[in-house]
Amino acid sequence: VKFCSDCGSAQLVQRIPDGDNRQRTICEQCHTIHYDNPKVIVGCLPVWEDRVLLCKRAIEPRYGLWTLPAGFMEHGESTEQGAMRETWEEAQAKVEDLHVHSLFSVLHITQVYIIYRARLSSLDFAAGIESLEVALFKQQDIPWDGLAFPAITQSLQDFFSDREQGHYQVHVADLAKRAFDH
Ligand SMILES: [Zn+2]
C-alpha cells in the first residue's frame, strides 16, 4: 500500500495504534488505520453419484493442475453463496444441499479455506473462464499427482474416507507451510 485509500496521502507509517498490540499501516494525514487481515477462500466439492467435479486451472498459480472450484469470498455474500458463485464461475455448474466439509487455516499465506460438500444439480457443466477443462472423477481416477494445492488434496482424501465410512464430518485443520511443500 503506497497511498491512503481514504484521503490519498502518501504519508503512511507502520506503528502500533493506542490500545492495539500489532503494527498497522496508519495514515498520518487523516489518521485512518488500514487493517490487513486474513482472506477467506470459499468453494465446493461437487458430487455426482460416485464422482467428484474438478477444474483444470487456466490461471496462475498452478496453471494446468486440477482443483475444486474455489476462490476469494466477496463483500455482500455469505460463505455458502460465495462457494456457489465460484462453482458457477469456474465450472458453470449449479450445486445444492451444501454442507461444510473442510475448514482449514492456511497459516503461511494467511488464508482460511471453507469447502462445502455439495450435490451437483445436473450434468450441465462447462469450463468457465478460469478453467481449461471441467470433469467428473471417480476416486481411482482422481489425478492425485496433478492437484493444484494440498488443501484440495486433503479435502478430497477426507471426502473419500468419509464416504467409505458412510459418515460425513467437518474436517478442521491448520495447514502449515510444510504441508504445502510437494
Ligand atoms: Zn488518509
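A residue is called buried under 20% relative accessible area, exposed over 50%, and partly exposed in between, with a 1.4 Å probe and protein chains only. By that scale Cys7 is partly exposed, because its relative accessible area is 39%, while Cys4 counts as buried because its relative accessibility is 4%. The model is predicted, so local features need pLDDT of at least 70 and side-chain atom pairs count only at pLDDT 80 or more, whereas totals for chains, interfaces and linings use all residues. Residues are numbered from 1 along each chain as its sequence is written, and side-chain values use heavy atoms, with hydrogens and water left out.

Cys4 and Cys7 both coordinate the zinc ion through SG, as do Cys27 and Cys30, at 2.3 Å. Donors here are N, O and S atoms within 2.8 Å of the metal (3.2 Å for Na, K and Ca); water is not among the atoms, so sites may look incomplete. Along the chain the donors follow the spacing C-x2-C-x19-C-x2-C. The angles among the four donor atoms are 103 to 116°, and the site is tetrahedral (four donors with all angles between 85 and 135 degrees).

Thr32 sits in the loop between strand 2 (24–27) and strand 3 (33–34); strands are DSSP runs of E, at least two residues, numbered from the N terminus. Thr32 counts as buried because its relative accessibility is 19%. The side chains of Thr32 and Asp6 are joined by a polar contact of 3.3 Å. Such a contact is a pair of N or O atoms within 3.5 Å; within protein, one must be able to donate a hydrogen and the other to accept it, and residues adjacent in sequence count only if both atoms are side-chain atoms.

Terms used
Tetrahedral: all angles 85-135°; square planar, octahedral: opposite > 155°, others 65-115°. Helix = DSSP H or I, 4+ residues; strand = E, 2+ residues; numbered from the N terminus.
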